[in-house]
Amino acid sequence: MKRWKTPLALALAVMTLVACSGERPTAEPAGEAPADSSSPKAGGRLVYGLSADANGLNPVTDQFAAQSYSMVTTIVEPLVSVDAAGDWKPYLAESLTPNDAYDEWAIKVREGISFHDGIALTGDIVKANLEAQKASPLNTAVFQPLDSIELTDPMTVTVKLKQPWVAFPYYLAAQVGMIVPPSSLTDPRTASLKPVGTGPFVFKEYVPDSRMVVTKNPRYWREGLPYLDEVEFRILPDSQTRAQTLEAGGIDAMGTTRDEDITKYGGQKDAFAVYRTQGMPVPEYTFMLNTAVPPLDDVRVRRALAHATDRAAVVSTLRGGLTEPADGPWPKDSKWYADQGTYPDYDLAKATALVKEVEAEKGPIKFEVISTPDPNTMQGVELAQDMWRKAGIEVTIKQADQPDLINRAVIGNYHATVWTAFSSSDPDGEYIWLHQAYAQPVGNVSLNFTRFKDERLSKALDAGRMSPDEATRKKAYATVQERLRDQVPYVFLDHLTTGAIITRAKVRGIGEQLLPDGEKGLPLTGSPIPYHPFSQIWVSKQ
């Protein structure tokens, strides 16, 4: 089984590279999946194509990316979920209640839930899970604000924090909030290959780099669910092969980031359905810049790169016109978006003037961009290389496989690289990637990969984390956007709404799941290929 070289490769769970392949279409955008008024049918089997295998199936010890969540969340469930409006909702937890200062959260566990091994879910098991996550090298940085975890009563755990943290429940909707039984905590190696949880499906089979099979949990705590009898996840790394297998009927559904897939299958509405990410879960495609090394330690160079980047040309050339240019970490349809008009828009004359100003002081501007060898990723890098060359900047391109590229970003051994980021449902999810407290010198492990240190940005992130007042938070995150646009640690390209799930017409229920309280759940999340729950998916008999 493949493993990343550093435990901090958990970065892939939130930020990861995009690799696509195939010719780029110029057709009109495909429509979304049609509404379905028919009633769900129990039974049936789903074969689901994934772009990569997981690097292990244990949420405490293994790095999770989108494909990991797709597989593991059929078996292991989180304490919290997110609804369609982007608000957190209790899941395995019955409630999460803060004190007045938001530096304590009482987590009350639902009654009547059991793991697949028959053990009842209780407060002490939740406490043990959170303590294991806090001790895990994967998540020690995420849980840095935690002071203590106490069992208040048999079904309630109180988390005490070092500071107020209003968005704390969102983190429990992800890997750190996924709950496994005591046997998985004591035997993590087995849990990495044969997970056990409270989920709608039970582990059946796992063949690394090939497939994973799960079967219906007959004692699932949510009555009437799941609908499917079995789900097989098939690992098909090549995107073209994955699409061809879907078309031939070898799989029933797949994830993709290719705009040509969206256009092609979106035009065959009788045979296929297309589900695309929207809103805050949409990641942003960027060039990530190492602000700790020359020449990118000079903000004038970073601004020149942004001014020299024609985002409209990127969208038309690389996305077939299916996406929108980005000027910051959040889309315009988000309540957190601040329209300040301060991002360095495409202006070759301004870019050239900045380059000449820097050259007069320091000499020619030269640096290296690292990229995965995927043809379409390379196409985007070469497009930017040509744009920047026109402004007088000399850029060389070095190819690296994805694990090596990630490791270079973590230790700062790079100038610039293509990157996707900013897919959290709440802006606080970007805290560790942007705050100066997580920026370490080159050569040291750093979660702030740009190593950008800015007092105003960091204070705004602190204010957004600690204030329960939405107006205060909006003001804080407006400052975050202003500083990112002004200082340009990232050259923003577009909102990557080409992340999608494509299914055969017989597959129903994606994006229609209801949470335990009856509210509609978030349809899709994850980066760059999205994931979703499987408990309420069903297949028609057609």
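A residue counts as buried when its relative accessible area is under 20%. Keep that cut-off in mind during this tour of a predicted model.

**Stop 1: Tyr 431 and its neighbours**

Select Tyr 431. Its relative accessibility is 6%, so Tyr 431 counts as buried. Next, show Arg 465: its charged end sits over the ring of Tyr 431, 3.8 Å from the ring centre.

For another case of an arginine over a ring, go to Tyr 285. Arg 319 lies over its face, 4.4 Å from the centre of the ring.

**Stop 2**

The structure holds 24 aromatic pairs. Select Trp 105 and Phe 168, one of these pairs; it is tilted, with 6.4 Å from centre to centre and 45° between the planes. Trp 105 belongs to strand β5 (residues 104-109) and Phe 168 to helix α3 (residues 168-171), so the pair ties together parts that are 63 residues apart in sequence. Both Trp 105 and Phe 168 are buried.

**Stop 3: strand β19**

Select residues 500-504, which are strand β19. Is this strand largely enclosed or open? Four of its five residues are buried, so β19 is largely enclosed by the rest of the structure.

Which strands pair with β19? Strand β11 (residues 253-256) pairs with β19 in the antiparallel sense over four bridges. Here Met 254 stands opposite Ile 502 of β19. Strand β12 (residues 272-276) is joined to β19 by five bridges, and these two also run antiparallel. Select Phe 272 to find its bridge partner in β19, Arg 504.

**Stop 4: helix α15**

Select residues 470-487, helix α15. At 1.5 Å a residue, its 18 residues should span 26 Å, and the end C-alpha atoms are 26 Å apart, which agrees. Colour its buried residues, among them Arg 473, Ala 476, Tyr 477, Val 480 and Leu 484. What covers the buried residues of α15? The cover includes α8 (299-308), α13 (431-434) and α14 (455-466). Finally, step past the end of the helix to Val 488, which follows α15 and has a positive phi, near 55°.

Notes. Residues are numbered from 1 along each chain as its sequence is written. This is a predicted model: local features need pLDDT of at least 70, side-chain atom pairs count only at pLDDT 80 or more; totals for chains, interfaces and linings use all residues. Side-chain values use heavy atoms; hydrogens and water are left out. Rings of Phe, Tyr and Trp (its six-membered ring) pair if their centres lie within 6.5 Å; planes under 30 degrees apart count as stacked, over 60 as edge-to-face and the rest as tilted. Buried means under 20% relative accessible area, exposed over 50%, partly exposed in between (1.4 Å probe, protein chains only). A charge sits over a ring if NZ of Lys or CZ of Arg is within 6 Å of the ring centre and within 35 degrees of the ring normal. Two strands pair if DSSP finds at least two bridges between them. The expected span of a helix is 1.5 Å times one less than its number of residues. Contact means heavy atoms within 4.5 Å.
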